[in-house]
Amino acid sequence: MEILKRNLSINTINLIGIGLLLLFALLFTALVVFEEYRDFEHEVGRLKTQYLQRKKEEIREQTDKVLRFIAYEYANYRGKVPADALKRQILDAVSQLYTDLASNRYIFVYRLDGTNILDPNRPELKGTNMLAVEDPLGAPILPRLIEKAKQGGGFVSYVWEKPSTKRFAPKISYAEIFEPWGWLVGTGVYLDELDRMVAQKKEAMKRRLIKYVMEILTLSAILFGFAFAGIKLINKIIRDEITTFQEFFKKAATRHVVINRSRIRIREFLPLADYVNRMVDTIHRRKRELTELNLSLEEKVRQKTAKLRKEKEFSDALVKTQDAFIKTSIHEINTPLAVIMAQIDLLKLQGGENRYVRKIEAAAKMIHTLYGDLSYLLKRHRIPDAKEPVDLAAFVRSRLDFFAEIARANRVDFRLDAAPCPKVCMNTEELTRLVDNNLSNAVKYAIPGSTVAITLSCEKKGVRLAFTNAAQEIERIEKLFEPFYKEQRESVGFGLGLYLVKGICERNGIAVSLKHEKNLVTFAYLIPTEGCHEDSAA
């Protein structure tokens with residue numbers, strides 16, 4: 001069926017049709033031959049069965065006739081003639097009356113011990129014990145005949161020499177016992193005549209099949225001739241119609257034309273011509289409409305483009321003004337923030353620490369952290385990719401010192417568990433943003449009175465830095481790293497911290513994992529150590 005899915009020419013379709021007809025003819029011929037052969041097999045089987053049954057009846061009847069003769073002679077002459085003379089007299093009579101070697105018919109007589117008494121076909125075997133003699137196929141003869149005879153008479157098949165040809169041939173014999181003298185009396189018939197009859201039947205069947213095949217081939221040739229002529233005629237008519245459509249479509253590709261219905265000779269193609277003409281009219285009408293619409297759209301596009309260009313220029317100017325304002329604002333925040341931090345240090349030196357100073361210091365450091373995020377956000381694309389080896393444990397301790405007042409103001413403690421690990425290679429500005437934003441979020445969302453655990457551990461691919469704090473359940477954990485997202489609306493900040501952390505991790509190939517179970521939130525970062533040895537050596 002795959003060939004039917006291809007683009008086929010009319011010639012190919014014709015060849016496929018002729019091939020199918022030829023195939024059907026061959027199948028029909030094969031069917032006829034098969035049916036004839038099956039009928040022949042049935043006929044041969046029936047012939048063999050009937051022939052064998054008829055021959056069995058003949059040899060059984062002939063054996064019974066000889067036994068009745070022997071019994072008659074025995075009953076009439078027993079005691080009147082010496083037994084040996086009577087036996088010779090009966091054997092001579094049987095040999096004279098029932099022997100016809102030309103027709104392959106004779107009576108054989110054996111004693112039950114296997115001694116040959118009468119065998120007109122092989123008289124030289126008289127007096128010979130034949131009990132151990134086998135046919136050319138190795139099958140014993142007399143033992144089987146004696147066994148069948150003792151059962152009341154029976155048939156045995158074997159191969160024996162045929163008198164008329166002096167050649168071995170298949171034979172079937174029937175034997176019974178004459179009880180008074182212990183004689184095995186029997187006769188047989190050769191079955192090679194059946195083979196000759198079967199060969200004649202086969203020859204007749206062969207001639208009949210040849211006749212059938214020749215008749216079918218002749219009829220097929222005539223039918224193929226007519227079919228081929230009809231196909232050629234139909235093919236020419238269809239080709240003319242197709243040519244008409246091809247010429248039309250070739251002209252219709254460049255100008256508005258229609259098919260002349262008077263040139264269509266096949267009735268079934270007339271509706272197709274009407275449909276094609278309507279299609280061409282519709283296409284050209286739509287083409288005119290599209291041309292008019294295109295001209296109108298081009299004018300509208302030009303007007304819209306001019307308007308959008310003006311809007312874009314205004315938007316670009318607005319964005320530039322906004323960026324300049326943000327940059328200026330951040331720069332202006334830096335100076336008073338530095339003054340506030342310096343004044344706090346002076347207050348602590350002059351008046352000592354108190355609760356109010358600590359709160360002011362914590363608030364100022366939070367503002368300092370927000371300033372750092374905004375500053376990094378503006379210049380992150382211009383930060384050079386200059387990495388240096390960093391002792392992560394010492395770096396984290398310094399940041400914990402910075403956040404100590406913030407943690408104390410929020411009633412939160414820090415606990416650092418740092419294993420001795422190799423140095424990591426990172427830009428210190430980016431590492432600061434990563435650590436500060438995680439510490440800031442941990443303090444901000446930690447349950448008051450709890451402890452924020454910071455863990456440093458060595459792994460095969462780098463150093464694992466983890467921040468764990470007790471917090472309320474996170475509702476939308478998948479949005480934590482999105483910009484401007486805050487889990488609690490009223491919390492301080494812009495919601496940019498983890499967004500910046502995500503960008504830093506992607507830039508430095510840091511693997512991030514987040515786990516939240518039983519009110520414990522853990523942010524873990526696997527920071528690579530590759531390349532640190534070269535930098536350290538430098």
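1. How many bridges join E4 to E5? The count is 8, and the two strands run antiparallel; helices (H or I, at least four residues) and strands (E, at least two) are DSSP runs numbered from the N terminus. In E5, Gly188 is the bridge partner of Ser173.

2. This is a predicted model, in which local features need pLDDT of at least 70 and side-chain atom pairs count only at pLDDT 80 or more, while totals for chains, interfaces and linings use all residues. Residues are numbered from 1 along each chain as its sequence is written, and side-chain values use heavy atoms, with hydrogens and water left out.

3. The open sheet has 5 strands in the order E2-E1-E5-E4-E3, with antiparallel pairing, where two strands pair if DSSP finds at least two bridges between them. Strand E2 (116–118) and E3 stand at the edges with a single partner strand each, so one side of each is left without a neighbour in the sheet.

4. In H3 (residues 142–150), Leu142, Leu145, Ile146 and Ala149 are buried (under 20% relative accessible area; exposed is over 50%, partly exposed in between; 1.4 Å probe, protein chains only). They cover an arc of only 100 degrees around the axis, taken from the directions from the helix axis to the C-beta atoms, which puts them on the same side of H3.

5. Lys148, also in H3, is partly exposed, at a relative accessible area of 34%. Apart from neighbours within four places in sequence, Lys148 is in contact with Gly153, Gly154, Phe155 and Val156, contact meaning heavy atoms within 4.5 Å.
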